[in-house]
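User: I am new to this structure and would like a guided look at it. Could you take me through the main parts?

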Amino acid sequence: MKTTLFLLSCLLLVTTSCSHYSTVRVVRPTHASSTSAGEIIAHSLKRPPPPPSIQLGGFLDAASDAAVVLQTHPSDAEALQDYNFAVGRIFGIIEDHGLEPWKAPLACSGASKVWSLSIKRDPRPQLNPSLFDIHPADIFEFRGSLVIQRTLKEGLGAPLVVVSDDTRFPRNEPFQGGNIFYGMTGVMAFKGNQVTGEFLDPLTVEDIKLNGHFHPLAADFTAPVALALARQDHRRKELNNLFNPSEFEGKIRLARLQPYDPTKIPILCIHGLGDSQATWAPLIQTLRGDAFIRKNYQFWFFSYPTAYPYPLTASVLRRRLDEISAYYPDHKKIVVIGHSMGGMISRTLITDSGTKLWSAFYDQPPLKMPFTRETRQIMSDALIFEHRKDVSRVIFASASHRGSDVASNFIGRLGRRIIGDPNYMIEDGPTVLSLASPDSTGANLNRLPNSIDFLKPTNRFVTTLAEIPLVKGIPYHSIIGDRGKGGNLDHERPVSTDGIVPYWSSHIGGAKSELIIPSHHWTNQHPLGITEVNRILREHVKDH
C-alpha cells in the first residue's frame, strides 16, 4: 500500500509540476545613490550596527533629507528611492529589536537632532501592529513555479509584509484565513523633530500626500503571496487533502484574503482536484497589480479536501455562502472563478437541479427513503439544489463538465483505490448503496464514489448534470487550454485537450465567451488566461 501511494504521489507531482511553488531567500538590501540622503544611507549601512536608537536616527535623517527634496521636486526619482529605502530600514529595525512606537514615541538620535518617532495605530483592532511581524518586502527574493513575476507598484513608501498566526490573531469573525500574510506600505511624515509613521493598505489606498504633494502609494503585490507559499507547505497539504480527507473534514472553509469591503465585488476562487488555494497565486498577485481590479474587487477563496465527491463539497459551499451572506448581508453579488473540478462545483451554483439528479439515483423521493435524518439531509443537499441568487457571473477555467478519460485510465483507477470510499461522511452508507438504482449500463453501486469517480465521463451525476440547462440571466465564460497539439473538438481522435481535460468536456453551450489558449491544464495560471479573466472582470463592472 505504501509503495502504491508513493507511486501515485509521484505521478501527481509530475502532472502538477514537481518544482517548489515558492522558495524565499532573505537578503541584505543594497542602495546606490549620489544624493546627500544616499550618502547618509551608505554611511548607516557600512558602520557596525550601533544601538537601535542611533540606527533609527541615521535612517530618519536620510528619509527627512529625501522628503525635503520631494517637497520641491515631487517627481525626483532618486529622492523617492532614497526615501523608500530609508523608511524600509526603519521598519526593519523596529521589527528586529522588538520596538513598539505605536505604543509610545521612540527617541532616535540623528546627526543634528533627536527625532521623536511614533506610529499611528489603525482604529480597527484586527490591524493592531502588535499582532504582526513586520518585514520590509525588499529583504525577500523569491523563486518558484507560482512566482511568475514580481508585481510592483511604483510610488512613495516602503512595501511591507505583515505576518501573524492563529496564536496571536483574534478570530473576530468566521471568514478570516488562518495564518495572515498581508501586504502593507509604510510611510513617514516629518514636522520639526516629530516623525509620524503609518501603515497603509495598498488594496484600498492608491495615493498618499507628503509635504503638500500627492504620490502613488508604492506596493509589492507578490511578496505576501510568495512568502505564504514559501512558509506553508501547500503541496504536502494538497496531497494530504487528497489521500487523507477525513483528517481535514472540519477544515472546509470559505475565507477572505483581505479586510471585507461592502463596496467591492467578491471574487470567489474555487480550486480543483489535488490543488489548494495556492493555485490562484499567479492570478491574484497579477490582478492586484491592476488599479481597476483593486478598486472594484476583493478576493475570497473556497478550500476543501479534494477527495470528497464534489456534489457533497458543493453542498457545503452553499451552506458557507448562506453563512457569509448572513454575516455580510450587504455584500455585492459574487463573481465565481472555478478551475477544473472547481468549475464543476461552480456549475452547481448557477443550476436548478429539480429532482433530475435525485431521480438518476433513486426511484422514491427523499421523504420516502429509509435514511437517517442526517443522511437524508446530506443526500438531498447534494442532489437537489437551486441556483445561487448571490452569484452574478461564473468563469470556468479548464472545467471538466463532462468528466475526463484520465479518470478511467490506469492513473484514475489507481487513484480511486488509494483515495478510497468516503464512508466516514455518511453514517448509513450501506443503505444509500443498496437502494440506489442501477446506472445506464445496468451496474449497481457497490461502494460510495469518491472525487475521481465523479470525473468519469460515464458517471450518472456527470451525465445528468450536463443535460440540465444553466439558469438564465447569469452570464458565464469558458477559458480552455490546448497543449498546442491541436486536435478535434469532438470525441474523434486526436482530440484537443489541455493534457487532462479535453475540449469536448470543457466546452459548455451558451457561454458569453469562450477562449482557447495554448496552455496545459492550469489555464488559471497562464498569462493569457489571467488576461482573459481581467477582461471579463472589466466587462462585468461595465455591465453592472
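Predicted model: local features only at pLDDT ≥ 70, side-chain atom pairs only at ≥ 80, totals over all residues.

User: What is the strand order in the open sheet of six strands?

Analyst: The order is 2-3-9-8-7-4, and the pairing is mixed. Strands (E, at least two residues) and helices (H or I, at least four) are DSSP runs, numbered from the N terminus; two strands pair if DSSP finds at least two bridges between them.

User: Which strands stand at the edges?

Analyst: They are strand 2 (106-109) and strand 4 (133-136); each has a single partner strand, so one side of each lacks a neighbour in the sheet. On average, neighbouring strands are turned by 35° against each other, direction ignored.

User: How many bridges join strand 8 to strand 9?

Analyst: Seven bridges join strand 8 (residues 180-191) to strand 9 (residues 194-200), and the two run antiparallel. Met188 has Gly197 in strand 9 as its bridge partner.

User: What does helix 5 touch on that sheet?

Analyst: Helix 5 packs on the sheet and touches strand 4, strand 7 and strand 8, its direction making about 140° with that of strand 8. Contact means heavy atoms within 4.5 Å; axes are lines fitted to C-alpha atoms, for helices over the stretch in contact, and angles run from 0 to 180 degrees between N-to-C directions.

User: How many residues of helix 5 are buried?

Analyst: Seven of the nine residues in helix 5 (residues 223-231) are buried, including Ala223 and Leu229. Buried means under 20% relative accessible area (1.4 Å probe, protein chains only).

User: Now the other sheet: how many strands form it?

Analyst: Seven strands form this open sheet, in the order 13-15-14-16-17-18-19, with mixed pairing. Its edge strands are strand 13 (253-256) and strand 19 (513-517).

User: In which sense do strand 16 and strand 17 pair?

Analyst: Strand 16 (residues 334-339) and strand 17 (residues 391-397) pair in the parallel sense over six bridges. Gly338 stands opposite Phe396 in strand 17.

User: Changing topic, how many disulfides are in the whole structure?

Analyst: A search finds zero disulfides, a disulfide being a pair of cysteine sulfur atoms within 2.5 Å.

User: Why does Cys108 count as buried?

Analyst: Cys108 counts as buried because its relative accessibility is 0%. Cys269 counts as buried because its value is 1%.

Note on methods. Residues numbered from 1 in each chain as written. Heavy atoms only, no water. Buried < 20%, exposed > 50% of the residue type's maximum accessible area, 1.4 Å probe, protein only.
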